[in-house]
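The paragraphs below lead through the structure from domains to chain contacts, helix packing and the nonpolar core. Please keep the sequence and the model at hand while reading.

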Amino acid sequence: MADVRRVGAAARSPAAPSGLGLYFFVLLLLLYLPIALLLLFSVNDNTTLTFPLRGLTGRWYAGVLAEPGLLRAARNSRVVAAGSSLVATLLGTMAALLVARFTFRAKLALVSLAVLPLIVPFVVLGASLLLLFSAAGIDRSLGTVGAAHTVISIPYVLLIVASRLAEFDPSLEEAAMDLGADYLTTLRRVVVPIIAPAVASAALVAFTVSFDEFALALFLAGRDPTFPVYLLGQLRFANRLPILISLAMVMTVGTLLLALAAERLRRAR
Amino acid sequence: MKRSRAARLWPMVLLSAAAALAACTPAPAEPGEVTGSLTVLDWAGYDASDFWIDFQQTYPNVTVSFEFGASDADIYTKMAAGDQADVFHPYTGWLQLYVDEGLVEEIDTSRLTNWDKVPDEMKAIGQFDGKQYFVPWDWGFTSVLYRTDVVEGEIDSWSALFDPAYAGKISMWDDGPGAVTVSSYIHGWDETQITDEQLEQIQQEWIEQRDLNLFYWAGEPELIEAMANGDVAVAYAWQGAYAVLLGQGVRVAYADPVEGRNSWVGVYGIRKGTENYDLALAFLALKLAEATGNNVVNLFYYGHANQDVMNAITDETLKQAFSIDDPSILERTNFTPNLTAEQRDAWTAMWAEVKAAP
Amino acid sequence: MDRRRAFWVLVVPPALWLAAFFLLPLVLMAVVSFRADLRGGLLTFPDLGLRQYAALASTPSFLRLLVLSSLVALAVAAVATASAYPVAYFLAFRAGRRAGVYLLLLMVPFWTSYLLRVMAWKLILGSSGVINSLLIASGVLDEPVSLFLYNRSAVGITLTYVWIPFAALPILAALQRIEPALMEAAFDLGATPLRRFLRVVLPLSLPGVLASFFMVFIPTVGEYVTPLLVGGSRGSLYGNIIQDFFTKAANWPLGSALSMVMLAMTLAWVALAARLVNLRQWLT
C-alpha cells in the first residue's frame with residue numbers, strides 16, 4: 001500500500017517542478033513584456049514608439065478623459081461583448097444540452113452547423129454578413145456586430161458546456177424525473193447547478209472573444225465603433241497613439257483588478 | 001343628422017388645411033434656430049468637432065452623427081449598398097465610380113460660401129461633365145521622403161524607390177493604384193491609359209522591388225516610427241509623415257522629383273436622394289471655412305482647400321512640408337486621376353499578385 | 001414540460017440564429033462569387049458563371065499562397081500546442097491553489113488590444129529593439145540584424161507567441177479530467193514519472209491536444225493582421241489577399257470566390273483530421 005505522502009512527494013519530484021515553474025514564469029514574462037513596454041510609452045513624452053525615452057508625462061492619461069469618442073468606443077466594446085456573450089452562452093448551452101442529452105436524426109447536422117463558425121475565417125464571415133445586412137436593408141450598428149460575435153462564440157460555448165455535460169452521469173436527471181420532477185425543473189435544479197462553472201467559463205471565453213475582435217467589427221460597425229475599430233481608424237493619425245495606449249492600459253489594469261477580485265470572491269466561497 | 005355633423009366639420013377641415021399649408025411654406029430661419037440631423041460617413045478621427053467646428057458653431061441645434069469607413073473601398077461599398085449617410089468623404093481616384101453609379105447629387109456652388117477661396121485645379125477635381133459633384137476639402141502631396149543623414153546627396157526622382165543602393169531600407173505604401181502611379185511617372189506613361197503589357201511590366205518590376213523593400217506601410221505611424229529609428233531610409237510618403245519627423249528633429253527631406261510630385265485630394269459629396277440637401281450643403285460650405293481649415297492644417301498636417309488658410313500658415317515646419325514658399329509647386333504636381341472600375345480591379349489584382357508572388 | 005417539448009424549445013433558437021446569421025450569409029457569398037460584379041445591386045442575379053474561379057485558377061501565385069498559408073498555420077499550431085502543453089501541465093499538477101490566479105494572469109494579455117501588443121512586440125524584435133540591443137551588448141553581434149522582423153518567420157513567431165496561452169486551455173481542461181487514481185495506480189505499479197507521463201497522462205490528454213491544435217490551426221489559415229504588422233514585403237498570407245479584395249478593391253465577387261476556396265480547403269483539412277482521429281481511436 002503506497003503511502004499517500006510518498007505518492008505526493010514523488011509526484012512533486014524536485015527536478016520537474018522548478019523546470020516547469022520556470023518555464024511558466026518565463027512565458028508569463030514574455031507575455032507581459034509588450035504590455036510593460038506599452039505602459040512605459042503611455043507615460044513617455046513622445047508621440048512615437050521609439051527609444052530613447054523622453055521623460056515622464058501624465059498628459060496622455062489626462063487626454064483619455066477628454067476624448068469622448070475614445071471612451072464611447074470602449075463602452076461600445078463592453079456592451080457588445082456583454083450582449084453577445086450572454087446570447088451565445090444561452091444558445092450554446094441549449095445546443096450543448098441537445099448534443100449531450102438527446103438523440104435525433106439531425107444531430108450531426110446541428111453540431112456541424114454550430115461548430116462551423118470556427119472554420120470560417122472572420123474576413124469571410126464579416127463580408128458575407130455585410131452582404132446579408134445590405135441586401136436586407138439592415139443598417140450596420142452595434143447590434144449587427146453583436147450578432148456576428150454571437151455566431152463565433154457559440155462553438156466555444158458548445159464545446160465547453162457539452163464536454164462538461166458528457167462527464168456527469170445522465171442518470172442523475174433520470175432519478176430526478178423518476179421522483180416526479182418535469183424536465184424543466186430537472187434542468188433548473190439538477191443540471192444547471194452542476195454545469196454552472198462550465199457555463200461561467202464559457203461566458204468568459206465568449207466575452208474575451210468578442211472584446212478585442214476587430215475583423216468582424218470592422219465590416220459590420222456603423223455609427224458606433226468598437227474599441228479595436230476605433231483604434232485602427234485612429235492609427236492614421238500618428239499623434240493620437242499615446243492616448244490610445246493609455247486607454248488600453250487603463251482597460252487592462254482595470255480588467256486585471258476585476259478578475260483578481262472575482263477570483264478572491266470565488267475562493268472565499 | 002349626418003349632414004349637419006359633416007357641415008359642422010367643414011370649417012375645421014379648412015382651418016387645419018390652412019394651418020398645414022402655412023407650416024409648409026419654408027420660412028427662412030436663422031441658422032442658430034435650425035434644427036435637424038445630418039449623418040456623415042467619414043474616416044475615423046474626422047468626427048472630432050475640430051474638423052467641423054464652423055458648422056457646429058453656426059448650427060448648434062443640428063445633430064451631426066458619424067458613421068465610419070475604414071478605406072475608400074469600404075466607403076464606396078457602403079454607399080453602393082445603400083448606406084443612408086447624407087454626406088461622405090472619398091478621395092481622388094474613386095470619384096468617377098460614384099458619378100457613374102448615380103450616387104451623388106449635383107452641388108449648387110452658388111450656395112457655397114468660401115467657394116471662391118478654392119483654387120481652380122481643386123474645383124476641377126470634383127467636376128464631371130461640367131457639373132460639380134464634389135467639394136474638395138483636404139489634400140496633400142505624395143513624394144519620396146528620405147533621411148538626409150543616411151542617403152548621400154539629394155533624391156530627385158521616383159526611381160529612388162527602386163534603387164539597389166537603398167536595399168532593405170525602402171518602404172512603399174501598400175496600394176496597387178499607388179504603385180501604378182509611381183511606375184507611370186518613372187516611365188513617363190499616361191496614368192489613365194495603362195495598357196495590359198505595361199501593367200505586366202509594372203507588376204514584374206514591383207515583384208523585383210520586393211528584394212529592396214523592407215515592408216509596405218499601411219498607416220503613417222508605422223512609417224514614421226520606422227524612419228525615426230532608422231529601419232527605413234527612403235519611402236513613398238505623404239507630407240504628414242514629413243512634418244511629424246521634422247518636428248521630432250529627425251534629418252529628413254521631402255523630394256521634388258523631376259517627374260513631379262503626386263497630390264491626392266479628399267472631397268465631400270452629397271448622397272443622391274438625401275432629404276437633408278440644404279443642411280448638407282451648409283455643412284460642406286462651412287467645412288471650407290477658416291477655423292475648420294486651420295485645425296486640419298495644424299492638428300493633422302493635411303492641406304486644406306481654402307487657399308486663404310494655406311497662405312496664412314506661419315509654422316516653419318508646415319511651410320516646408322507644403323512648400324508654401326514655392327508657388328509653382330502645384331503646377332509641377334500631378335493630381336491623382338479618377339479610375340474606372342476596370343482599372344481599379346486590374347490594378348489591385350496586380351498588386352495582390354505582387355504580394356503573393358513567390 | 002416534458003422532454004419532447006423541451007427538445008423543440010432547445011433546438012429552435014440556436015438553429016434559427018445560426019441559419020440566419022451564418023448559413024444564409026455564406027450562401028449569399030457563394031452566389032456573389034459567381035457574379036462578375038455588383039452592378040445592379042446585391043440581390044439581383046445577372047449572368048452567373050465561374051469566371052472568378054477561372055481567374056483564380058489561372059493565377060498560380062494565389063493558390064500557391066493558399067498552400068503556403070496552410071503550412072504556416074500547421075507549423076504555428078504544432079509549435080503552439082507543444083509549447084502550451086507544459087503550461088497546462090504546470091497549471092493542472094504543480095500550481096496547486098494558485099492555479100486560478102495563474103490562469104487569470106495568463107489570460108489578461110488578451111484583454112489588451114491585439115494591435116497595440118503587436119506594435120509593442122515589434123519594438124522588441126526590431127533592429128533597435130530589445131533583442132538586438134541585448135545581442136550587441138553581449139558581443140554576439142556587431143550590427144543589428146533585421147531577421148527577427150518583416151519576414152514570414154516573424155509572422156510565425158508572433159502568431160505562435162500569441163496563441164500559446166489560448167492553446168493551453170483545452171489541454172488544461174483535459175488534464176484536469178484525468179482521475180488522480182490513475183496516476184497513483186501507475187506509481188504503485190512502479191512507473192517512473194516519465195513513463196507515467198508517456199503512458200497515462202499524455203494519451204488521456206490527447207483529445208485536448210487535438211482540440212488545441214485545431215483551435216489554433218483553423219483561424220491561422222485565414223490570418224491577415226499579423227502579416228500586415230510584421231510580415232514585411234514577403235510575409236503576406238492568403239488572408240491578406242482576401243482582405244485586399246474586399247477592403248481595398250471593392251471587388252467582392254473575386255474576394256468571395258477566394259473565400260469559398262479557402263473555406264472548402266479548411267473543411268477538407270478538418271474532414272481529414274476527423275478521419276485521423278477515428279483511426280487513432282481504432283488503434284488504441
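**Domains, interfaces and core**

Taken over C-alpha atoms, the centres of domain 1 of chain B and domain 2 of chain B are separated by 26 Å. The assignment gives domain 1 as 36-139 + 264-323 and domain 2 as 140-263 + 337-356, with bounds that come from an automatic or database domain assignment. This is a predicted model, in which local features need pLDDT of at least 70 and side-chain atom pairs count only at pLDDT 80 or more, whereas totals for chains, interfaces and linings use all residues. Residues are numbered from 1 along each chain as its sequence is written, while chains are lettered from A and ligands numbered from 1 in the order in which they are written.

The contact between the two domains of chain B takes 17 residues from domain 1 and 17 residues from domain 2, two residues being in contact if their C-beta atoms, placed from the backbone, lie within 7 Å. On the side of domain 1 that touches domain 2, at least two residues each are supplied by α4 (95-100), β11 (261-270) and α13 (316-321) of chain B; helices (H or I, at least four residues) and strands (E, at least two) are DSSP runs, numbered from the N terminus. The most is given by α13(B), with 4 residues. By class this side has 11 nonpolar, 6 polar and no charged residues, where Ala, Val, Leu, Ile, Met, Phe, Trp, Tyr, Cys and Pro count as nonpolar, Asp, Glu, Lys and Arg as charged, and the others, Gly among them, as polar.

Between chains, 71 residues of chain C are in contact with 71 residues of chain A. Helix α1 (residues 3-32) of chain C provides the largest share of the chain C side, 18 residues, and that side divides into 54 nonpolar, 10 polar and 7 charged residues. The contact of chain C with chain B takes 26 residues from chain C and 27 residues from chain B. Here α3 (60-94) and α11 (238-247) of chain C are the elements that give two or more residues to the side of chain C that touches chain B, with the largest share, 5 residues, coming from α11(C). The residues of this side divide into 10 nonpolar, 12 polar and 4 charged.

Chain A itself comes to 12 helices and 0 strands. Within chain A, the axes of helix α4 (residues 68-101) and helix α5 (residues 107-115) come within 11 Å and cross at roughly 145°, the axes being lines fitted to C-alpha atoms, for helices over the stretch in contact, with angles that run from 0 to 180 degrees between N-to-C directions. Their contact is made by A:Ala95, A:Leu98 and A:Val99 of α4(A) and by A:Lys107, A:Leu110, A:Val111 and A:Ala114 of α5(A), and these residues divide into 6 nonpolar, no polar and 1 charged.

The largest nonpolar core has 281 residues, and those with the most contacts inside it are B:Val234 and C:Ala88. Such a core is a set of buried Ala, Val, Leu, Ile, Met, Phe, Trp, Tyr and Cys residues joined through C-beta atoms within 7 Å, and a residue is buried if 20 or more other C-beta atoms lie within 10 Å of its own, with C-beta atoms placed from the backbone. The largest share of this core, 17 residues, comes from α3(C), and at least three residues are drawn from each of domain 1 and domain 2 of chain B.

Notes
Buried ≥ 20, exposed ≤ 12 C-beta atoms within 10 Å, placed from the backbone.
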